[in-house]
Amino acid sequence: MSIDRIVMAFAGTVILLSLAFSQLHSPNWLWLTAFVGANLLQAAFTGFCPLAIVLKRIGLRPGMAFE
């Protein structure tokens, strides 16, 4: 699995978990959803993604987006 797919899977998982937590615990969990969305948007324009940097350092294969 490439870094691109791992980043998308991780972001999707965090978004779904924060939505579930907002329904079960507190609406403040929606701030995490907003943060992940904002990070994905800025990564689309700048190419900077902290998770991609960490994954690249541990030796995973980069995809087209994070070469």
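User: Does Ser2 count as buried or exposed?
Analyst: This is a predicted model. Ser2 is found in the segment before helix 1 (3–24). Its relative accessibility is 9%. The cut-off for burial is under 20%, so Ser2 counts as buried.

User: Which residues does Ser2 touch, not counting those up to four places away in sequence?
Analyst: Ser2 precedes helix 1. With residues up to four places away in sequence left out, Ser2 touches Arg61, Pro62 and Gly63.

User: Is Leu16 buried or exposed?
Analyst: Leu16 sits in helix 1. Together with Leu19 and Leu30, Leu16 makes a nonpolar surface patch of about 270 Å². The relative accessible area of Leu16 is 59%. Exposure requires over 50%, so Leu16 is exposed.

User: How do the ring planes of Phe21 and Trp29 lie: stacked, edge-to-face or tilted?
Analyst: A search of the whole structure finds one aromatic pair. The ring centres of Phe21 and Trp29 are 4.9 Å apart. Stacked needs planes under 30 degrees apart, and edge-to-face needs over 60. The planes of Phe21 and Trp29 are at 50 degrees, so the pair is tilted.

User: What is the relative accessible area of Trp29?
Analyst: Phe21, the partner ring, is partly exposed at 30%. Trp29 is also partly exposed. Its relative accessible area is 35%.

How values were computed. Residues are numbered from 1 along each chain as its sequence is written. This is a predicted model: local features need pLDDT of at least 70, side-chain atom pairs count only at pLDDT 80 or more; totals for chains, interfaces and linings use all residues. Side-chain values use heavy atoms; hydrogens and water are left out. Helices (H or I, at least four residues) and strands (E, at least two) are DSSP runs, numbered from the N terminus. Buried means under 20% relative accessible area, exposed over 50%, partly exposed in between (1.4 Å probe, protein chains only). Contact means heavy atoms within 4.5 Å. Patches are made of residues with over 30% relative accessible area and no salt bridge: like charges are joined within 9 Å, nonpolar side chains (Val, Leu, Ile, Met, Phe, Trp, Tyr) within 5 Å. Accessible areas come from the Shrake-Rupley method with a 1.4 Å probe; for residues, only the protein chains shown count as cover. A salt bridge is a side-chain nitrogen of Lys or Arg within 4 Å of a carboxyl oxygen of Asp or Glu. Rings of Phe, Tyr and Trp (its six-membered ring) pair if their centres lie within 6.5 Å; planes under 30 degrees apart count as stacked, over 60 as edge-to-face and the rest as tilted.
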